[in-house]
Amino acid sequence: MTMPVVAQAQPQSFTKNQCVTGLRAAVNILEKWKATGDQACRILRISRSTYTRARQRQREVEWAVALDADQMQRISFVLNIHATLRLVFDNPDNVYGFASMANDNEFFNGRSPLEIMAQGDMVSLYETFRRIDMLRGAQW
């Protein structure tokens, strides 16, 4: 009996530019959400030194960072949560304040979305994204 050939997934690689651009955008959003440095590092699963370099406003300073697929997915969730909040709210105070507001939704149970995301595990980040995405009427 012959066994079927199963294709193995190749790890996706990202360019230096994709990693740096995505990371800087996510860090900027997290700062606007009033995330602490520790929270941002846990959400994005990055080191404190990488976080510090991403916060540097001098775009002329070239630096490279290699991020794995998990880290890029985390960045994607932050960017997508931000995009959803921009669709749902017109007021910038709500767009940037929502993530740090206590939420009485059953999932959040009085905690803020930022607190949930800062637990650092992918499930918490995904579920936070899913709940916020539902605000715009997304169907799952």
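Predicted model: local features only at pLDDT ≥ 70, side-chain atom pairs only at ≥ 80, totals over all residues.

The request concerns the contact of helix 1 with helix 3.

Modeller: Residues are numbered from 1 along each chain as its sequence is written, and side-chain values use heavy atoms, with hydrogens and water left out.

Helices here are DSSP runs (H or I, at least four residues), numbered from the N terminus. The axes of helix 1 (residues 16-32) and helix 3 (residues 48-55) come within 9 Å and cross at roughly 90°; axes are lines fitted to C-alpha atoms over the stretch in contact, and angles run from 0 to 180 degrees between N-to-C directions. That makes helix 1 roughly perpendicular to helix 3 (65 to 115 degrees).

In contact (heavy atoms within 4.5 Å), L23, R24, V27 and E31 of helix 1 meet T50, Y51, R53, A54 and R55 of helix 3.

V27 lies in helix 1 and is buried, with a relative accessible area of 1%; buried means under 20% relative accessible area, with a 1.4 Å probe and protein chains only. Leaving aside residues up to four places away in sequence, V27 touches L44, Y51, A54 and R55. The C-alpha atoms of V27 and V78 are separated by 9.0 Å, although the two are 51 residues apart along the chain.

In helix 3, the buried residues are T50, Y51 and A54. Seen down the axis of helix 3, they fall within an arc of 100°, so they line one face of the helix; the arc is that of the directions from the helix axis to the C-beta atoms. Their cover includes helix 1 and helix 2 (37-44).

Methods: Helix = DSSP H or I, 4+ residues; strand = E, 2+ residues; numbered from the N terminus. Parallel < 35°, antiparallel > 145°, perpendicular 65-115°, else oblique. Nonpolar A, V, L, I, M, F, W, Y, C, P; charged D, E, K, R; others polar. Buried < 20%, exposed > 50% of the residue type's maximum accessible area, 1.4 Å probe, protein only.
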